[in-house]
Amino acid sequence: MWQMMDLLYGHKKQMVSREEALPGRPGYAYPLVREHAVLGTDMLGPDAPTDPAPWPAGSEEIVLAGGCFWGVERIAWEVPGVHTTSAGYAGGFTAHPTYEEVFSARTGHAEAVRVVYTGGEETLRALLTAFWEQHDPTTANRQGNDVGTEYRSAVYWTTEAQDRVVRDSAERYQRDLDAAGRGAITTELAPLAEAGDGRYYTAEPEHQQYLAKNPGGYCNHGFNGVACSIG
């Protein structure tokens with residue numbers, strides 16, 4: 001099946017340039033939801049357009065992309081120590097894109113999930129373990145039948161400490177993949193500030209906690225067959 005999808009959507013695997021990306025807009029084209037439907041926490045924090053609030057003391061923020069953001073978000077909110085999550089767009093050039101624009105592969109964004117967590121490195125390693133194990137980081141710009149740059153694998157960090165842990169986890173997981181006879185990791189690893197326009201955009205309300213609201217909804221995430229031994 002994925003070969004057929006490659007034939008239909010293979011053109012979307014070519015990353016758009018900054019110059020050719022859609023122009024975007026100065027603000028969101030849709031309303032934002034603030035309360036997390038599963039955790040009951042604030043998804044917008046300091047990014048809220050009204051009454052912005054800081055994240056909890058000691059919390060950190062990281063952005064993960066690994067195919068359809070519905071499944072990635074579900075994986076993330078189940079990790080102990082996670083304060084909140086949201087589905088959104090990161091790593092692209094179009095300001096305040098819409099889902100349809102991102103799906104066109106003409107904005108440069110990946111479907112992504114912002115994770116705000118406490119517990120420092122212990123929680124981060126648990127997040128990364130789930131992230132590596134629950135998608136295929138060896139398929140560039142594709143997850144299963146989902147084809148295009150918007151479905152690429154990526155980790156965008158916000159602190160130097162996260163940088164060290166993320167790169168270490170990728171190196172360790174590559175050894176696990178090598179031992180299993182699998183391919184090379186294609187995951188984009190970069191500071192959020194250096195990925196595309198350096199911003200994360202919260203997605204439309206209907207995408208937030210989608211699999212909690214639609215338990216039988218589409219999800220192509222699950223154990224990829226290679227355990228992650230990052231500790």
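## The cavity

About 70 Å³ of space lies in the largest cavity of this predicted model, and a search of the whole structure turns up one cavity of 30 Å³ or more. A cavity here is a set of points on a 1 Å grid over the protein atoms alone where a 1.4 Å probe fits but cannot get out. Points are joined across faces, edges and corners, and the volume is the space filled by probe spheres set on them.

Residues are numbered from 1 along each chain as its sequence is written, and side-chain values use heavy atoms, leaving out hydrogens and water. In this predicted model, local features need pLDDT of at least 70 and side-chain atom pairs pLDDT 80 or more, while totals for chains, interfaces and linings use all residues.

## Who lines it

Lining residues (an atom within 4 Å of a point) include Leu64, Val72, Phe131 and His221. Helices (H or I, at least four residues) and strands (E, at least two) are DSSP runs, numbered from the N terminus.

Strands count as paired if DSSP finds at least two bridges between them. β1 and β3 (residues 110–117) run antiparallel, joined by five bridges; valine 63 has arginine 114 in β3 as its bridge partner.

How values were computed: On a 1 Å grid over the protein atoms alone, a cavity is a set of points where a 1.4 Å probe fits but cannot get out, and a pocket is an open set with protein on both sides within 12 Å along at least five of seven lines; lining residues have an atom within 4 Å of a point.
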